[in-house]
Amino acid sequence: MELKIDSKDIDFHQLIEYSLNSIWIVEQEGNIRYCNKACLKLLNITSSKDILYQNLYSFLPPDFHAVSKERLKRVIEKQEIVELLEQEMIRGDGEIVDIEVMAAPFYLEGKVLAQVIIQDITQRKMAEKLLTDREKLVSIGQIATGIAHEVKNPLTAVKGFLQLLKESKFHPYLDMMESELEKALATLQNLLQVSKPDLHEESLVPIDLCQELESLLFLFQERLYNVKLEMDLRDSERKIIGKRNLFLKAFFNLIKNAIEAIQDTGKIKIEHYYQNEWIHIKVSDTGVGIPEDKVKMLGTPFFSTKSEGTGLGLTQVFTTIHKHGGNISVHSTIGKGTTFHIQLPVR
Ligand code: ADP
Ligand code: MG
């Protein structure tokens, strides 16, 4: 016999409670009167007691308060359904997540409340960003590599003739010319290595990043006398699989930049931990910071603000992380400091 379900017999509470979307019911002032299980998960909160009667706005970054107030007003006073909007939310543990929100009026005991439906779009945003980052790097990298090849050959020829000249004739400038030429060739070689790291086939091995980070810091001991170093290396048993030398070089480049960003005294913090199936590594400094309009330039070959800079360090870092299926993001405040946050998959 066919089972017929009449909608009035359905326990809607049960449907909502287990919905994959986060659902809230809030009052006009933002007081939360109900939230389902998905919502607790999204906010990384264990018990609904910690959230009921709290205010919606305590989970929203201040930038989004005005627009959310206006939307709630439309839902409750005009009883409109408001369209999907991308915004951010602050989780219980302080992490920011990307979300998409819509809201509709909800009627309860003669009162109008708002039913807010939230979708976590962090993964989607991350994938989109990764794609544009990669495209940017690939196209600029291709141009740069092409030029490097073109320039390297004639320079190598000049170097050869210079050596022949030195053998037949003495001139005090010849040594200088040769050493300048070698610098130029080294830069080109560096660029070629960075844009095509696979030229040097290295095998994939399990890497204990905690151990590698500790030994890398020994290399900087001399430079660290005016810099306080804080290490917080957790979950060292989680290993990544990858090309060890590429990672050593990448973390060397990040730590070097952090030290160079600190003018007099300051602090560098290095964190390593496992969360949500990713290894997280954060390299933070209390240095000069990076202007907002320059952040998107990071990773572009030859972008440097230093008089002696090559602008290839971060290109190597970004390429290495992306090649290993990871993500990298940068948070920086002028005059306060910079954090490079790397996520790598555990294999
Ligand atoms: P280089 O160090 O040779 O300049 P990089 O690719 O390593 O090249 O870095 C590129 C630029 O990014 C630097 O010149 C600097 O302006 C900026 N940068 C990188 N890391 C930091 C940091 N930790 N703090 C401030 N600025 C940074
Ligand atoms: Mg550098």
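**A close look at some cysteines and glutamines**

Analyst: Let's start with C35: its relative accessibility is 5%, so it counts as buried. (Buried means under 20% relative accessible area, exposed means over 50%, and partly exposed is in between, using a 1.4 Å probe and protein chains only.) Before going on, note that this is a predicted model, where local features need pLDDT of at least 70, side-chain atom pairs count only at pLDDT 80 or more, and totals for chains, interfaces and linings use all residues. Side-chain values use heavy atoms, leaving out hydrogens and water, while residues are numbered from 1 along each chain as its sequence is written, with chains lettered from A and ligands numbered from 1 in the order in which they are written.

Now, what about disulfides? Searching the whole structure turns up zero of them, a disulfide being a pair of cysteine sulfur atoms within 2.5 Å. For C35, the nearest cysteine sulfur belongs to C39 and is 4.3 Å away, and C35 is in no disulfide.

C210 is another buried cysteine, with 5% relative accessibility. Q211, on the other hand, is exposed, at 53% relative accessible area. You'll find Q211 in helix α6, residues 209–218 (helices are DSSP runs of H or I with at least four residues, strands are runs of E with at least two, and both are numbered from the N terminus). The C-alpha atoms of Q211 and A250 are 15 Å apart, and the two residues are 39 apart along the chain.

Then there's Q87, part of strand β3, residues 82–90. This glutamine counts as buried because Q87 has 6% relative accessibility. Leaving aside residues up to four places away in sequence, Q87 touches L60, F64, S68, V97, D98, I99 and V101, where contact means heavy atoms within 4.5 Å.
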